[in-house]
Amino acid sequence: MAQITAGIACSHIPVLGFAHDQDKEGDPLFKPAFDGFRWTREWIRAEGRPDVVVLVYNDHASAFDMDIVPTFAIGCAETFPICDEGYGPRPVPEVVGHPDLAWHIAQSLILDEFDMTILNRLEVDHGLTVPLSMMYGRVDEWPVRVIPLAVNVVTYPPPSGNRCWMLGEAIARAVASFGEDLNVHVWGTGGMSHQLQGPRAGLINREWDNMFLDRLIGDTQDLRHVPHIEYLRETGSEGIEMVMWLIMRGALGRKTRCLHRHYHVPVSNTALGHLVLTPVDGTVPPSPTLEGNRAAPGH
Amino acid sequence: MAQITAGIACSHIPVLGFAHDQDKEGDPLFKPAFDGFRWTREWIRAEGRPDVVVLVYNDHASAFDMDIVPTFAIGCAETFPICDEGYGPRPVPEVVGHPDLAWHIAQSLILDEFDMTILNRLEVDHGLTVPLSMMYGRVDEWPVRVIPLAVNVVTYPPPSGNRCWMLGEAIARAVASFGEDLNVHVWGTGGMSHQLQGPRAGLINREWDNMFLDRLIGDTQDLRHVPHIEYLRETGSEGIEMVMWLIMRGALGRKTRCLHRHYHVPVSNTALGHLVLTPVDGTVPPSPTLEGNRAAPGH
Amino acid sequence: MIDIHEYLAEFDDIPGTRVYTAQRARAGYHLNQFAMSLMKAENRERFRADERAYLEQWPMTEDQKQAVLVRDYNRLLDLGGNIYFLAKVFASDGLSFVQAVSTMTGMTVDEYQKMMLDGGRSPEGLRSTKEGN
Amino acid sequence: MIDIHEYLAEFDDIPGTRVYTAQRARAGYHLNQFAMSLMKAENRERFRADERAYLEQWPMTEDQKQAVLVRDYNRLLDLGGNIYFLAKVFASDGLSFVQAVSTMTGMTVDEYQKMMLDGGRSPEGLRSTKEGN
Ligand SMILES: [Fe+3]
Ligand SMILES: [Fe+3]
């Protein structure tokens, strides 16, 4: 039986991909950011060892233009080529999918009343590849298979925090009903506080970010109910990416334990956050609509 | 304030588009099918008079190939060109959208925890244009604006009947919160019983189809809980399109009245069904997740 | 919550019917994308000019290519084809749905059309393989 | 249930920030699709060779074209541009995010970079226009 054994949260800052690709991890500007991943790089190879990662990220006007904007899309293809975002494709290996599990999850989510978009062709951008580089460093091929789960956080409204959390719970139900023995991680990427536009650009909110990190640990479900406007006011216009972390959190069940935590300001325009969590009580509600929402008053 | 004043159900059989385009509505083969729309053609111009139709249909491998399969997609563009399905585009006017209302509905649905895909470019096929021809006959331009709502009923699983009904309720909430005075119809298209493939092709189930028509009228919510396998066994592999009628039904609230009913077998491979409904008690639950599901035990 | 395994298993119990599941969608991916390419008039012409050569451009199985060449639609369904995609093939041939669909039933077009005019095929005995009802 | 009108109205109360709402997405549709076209190397070259001529191919407003020509990113945001789409324009210019973003703040790149290294811009006073907190 497939099992979710860990959740990882990680910003997906483009310049860290660049620093990695140019062998500048030791550069004084980047070293403090990368240092916080040393623990994880060892742990993931020695202990974490996922067979498959459900990698929650957002596309940054790379695979999708304004002609089509899916709220939740799941990549069911065999492989996912690396996108050219305007500076040439990153020199990293092609991402290999896990179509058996991806289709199983996609089908289960739709029966569970999530309105998924299925993707059989997808080029992936830094949102997906930077976290892989942070966790695995330089490799000839990625030592893990990846199921991309793309969330719209660019065109408003993105999905609510509660909906994201519910989707995580549904992913956990789907993984638990997959017959093959697989060690599965769920990663939530993006954030933390950053604003890339307008006179308020450069906003960083260390206090709010750390409150957010605190509440991903343990059994509180407070973060379900943080409205979009709070992310915008407190963490800058691009801080909204943090709703994607709630999909990861929802997939870990009622209670989590923190194995590793890292926070660093700044990387380029952005506050970097990173957590490694394991489920303590992996119980998730049996359906998204009834029990899930009884646990979530206010919606 | 915008208001939903009617729901129309109608099969979208390609050959009726062909018969219409070739001036063969009076042909003995097609006359009985078209005769049942005479009442509606008069009513819709004299009394129905919608400003906008939310037209629920499915794409038949026309705008979407297997690279991307959205469960629920909403067309927010200014106009929707007519697709060439392999026999050349139908000689009917381009479809004009209502981007103000479409975006309002799209945004509202996402906040209401439906995982919509937004479309800003879409070519529409017979699934959308045949019902327009049935209702309006030959015109230089369509006397109504159209918001296409495309549902995946081709790749399994399609959305559940309950999810479709819930989406209809959410559309009703969204329309009711739109500021401009607009007369809105919701149309559900496709069906009724038909199977276009395999040795069982040609299946028609007059009794089941009429049971389905019966239950769209009044206040029963039984149809929410008809499982996909029942559509498949009873109405043929393509009968599953009828789940789209439940979006129309959900949008009409607790109780409906039937103004007009028409059933004819066969048209080409298909049983033709058509209903004109109005809301009697237009009340819909205030949210999809709590109250909506209290009204729908079994999910 | 619906169990996905039970949900899918029931589909195999319907006589003379292939439900377009993930499994079929995966097997038929390139076949269906080939069929989709025939929506463009210039591709239809290239296909008509040399069917085999046109098919060779797609990473389809030899079985799939053969089944396209002989227009064996039941076989194409078995190999992952979906009827709305396959419709692009028979539209290229100038066939209507009734003409193409009848070829899957073991009936002539006339027999099939007569059955439809008489009210269609009854579901009696065709709902379930196991239960024979 | 969230009221969409209240939900959207709050976005206008954030100082120095344009939220990419439907209204902006509609106004900026062709601008953003133009920017997206610069993901292809051959389009980047055609754009560089004659920016005005390249822009003329898109049904953008003259305001939008002008703002692209002078790389006025704040203006482009006002005219419906989204930063991830506009990134294709400054990527074509060989600029990094920090370089491009700083131009929107009224600071030099050095000043902006120093602010970031010092911990970034504080949210104090920048949360709400009305409440000034
Ligand atoms: Fe991002
Ligand atoms: Fe159809």
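Colleague: How many salt bridges are there between chain A and chain B?

Modeller: Keep in mind that this is a predicted model. The rule asks for a Lys or Arg side-chain nitrogen within 4 Å of a carboxyl oxygen of Asp or Glu. One pair that passes is D67(A) with R121(B), whose closest N and O atoms are 3.4 Å apart. For chain A with chain B, the count comes to 4 salt bridges.

Colleague: Which residues in chain A lose the most area to chain B?

Modeller: Start with the whole interface: about 3,000 Å² is buried between chain A and chain B, and carbon and sulfur atoms give 53% of that. Three residues together make up 22% of what the chain A side buries. They are D67(A), E113(A) and D115(A).

Colleague: Which element gives the largest share of the side of chain A that touches chain B?

Modeller: In contact terms, 34 residues of chain A meet 34 residues of chain B, and there are 20 residue pairs in polar contact, both at pLDDT 80 or more. Elements of chain A giving two or more residues to that side are β3 (68-70), α4 (99-111), β7 (117-119) and α6 (161-176). The largest share is 4 residues, and they come from α4(A).

Colleague: And how many residues on that side of chain A are nonpolar?

Modeller: Sorted by type, the side of chain A that touches chain B has 5 charged and 10 polar residues. The nonpolar ones number 19.

Colleague: Which residue of β7(B) stands opposite V69(A)?

Modeller: Here strands pair across the two chains. β3(A) runs antiparallel to β7 (residues 117-119) of chain B, with 3 bridges between them. Opposite V69(A) stands I118(B).

Colleague: Moving on to chain D, which element gives the most to the side that touches chain A?

Modeller: First the scale: 48 residues of chain D contact 43 residues of chain A, and about 4,000 Å² is buried between them, 60% of it on carbon and sulfur atoms. There are also 26 residue pairs in polar contact, both at pLDDT 80 or more. Elements of chain D with two or more residues on that side include α2 (22-27), α3 (29-37) and α10 (109-117). The element that gives the most, with 6 residues, is α8(D).

Colleague: Which residue of chain D meets E234(A) in a salt bridge?

Modeller: Across the interface of chain D and chain A the rule finds 3 salt bridges. In one involving E234(A), the N to O distance is 2.9 Å, inside the 4 Å cut-off. The partner of E234(A) is R127(D).

Colleague: Which residues coordinate the iron ion (ligand 1)?

Modeller: The donor spacing in sequence is H-x47-H-x180-E. H12(A) sits in the loop between β1 (3-10) and α1 (14-21) of chain A and E241(A) in the loop between α8 (228-235) and α9 (243-250), 229 residues apart. With distances of 2.0 to 2.1 Å, the coordinating residues are H12(A) (NE2), H60(A) (NE2) and E241(A) (OE).

Colleague: And what are the distances at the iron ion (ligand 2)?

Modeller: That ion is held by chain B, through NE2 of H12(B), NE2 of H60(B) and an OE atom of E241(B). Along the chain, its donors follow the spacing H-x47-H-x180-E. The distances are 1.9 to 2.1 Å.

Colleague: Which residue in the turn between β10(A) and β11(A) has a positive phi?

Modeller: β10 (residues 255-267) and β11 (residues 270-281) of chain A pair antiparallel over 10 bridges, with K255(A) partnered by D281(A). They form a hairpin with 2 residues between the strands.

Colleague: Where is P266(B), which a cis peptide bond joins to V265(B)?

Modeller: Omega for that bond is about -10°. Another cis bond runs from Y156(B) to P157(B), with omega near -5°, and P157(B) is in the loop between β8 (145-151) and α6 (161-176) of chain B. P266(B), for its part, is in strand β10 (residues 255-267) of chain B.

Note on methods. Residues are numbered from 1 along each chain as its sequence is written. Chains are lettered from A and ligands numbered from 1 in the order in which they are written. This is a predicted model: local features need pLDDT of at least 70, side-chain atom pairs count only at pLDDT 80 or more; totals for chains, interfaces and linings use all residues. Side-chain values use heavy atoms; hydrogens and water are left out. Contact means heavy atoms within 4.5 Å. Buried area is the accessible area (1.4 Å probe) that two parts lose on being put together, summed over both. A polar contact is a pair of N or O atoms within 3.5 Å; within protein, one must be able to donate a hydrogen and the other to accept it, and residues adjacent in sequence count only if both atoms are side-chain atoms. Ala, Val, Leu, Ile, Met, Phe, Trp, Tyr, Cys and Pro count as nonpolar, Asp, Glu, Lys and Arg as charged, and the others, Gly among them, as polar. Two strands pair if DSSP finds at least two bridges between them. Donors are N, O and S atoms within 2.8 Å of the metal (3.2 Å for Na, K and Ca); water is not among the atoms, so sites may look incomplete.
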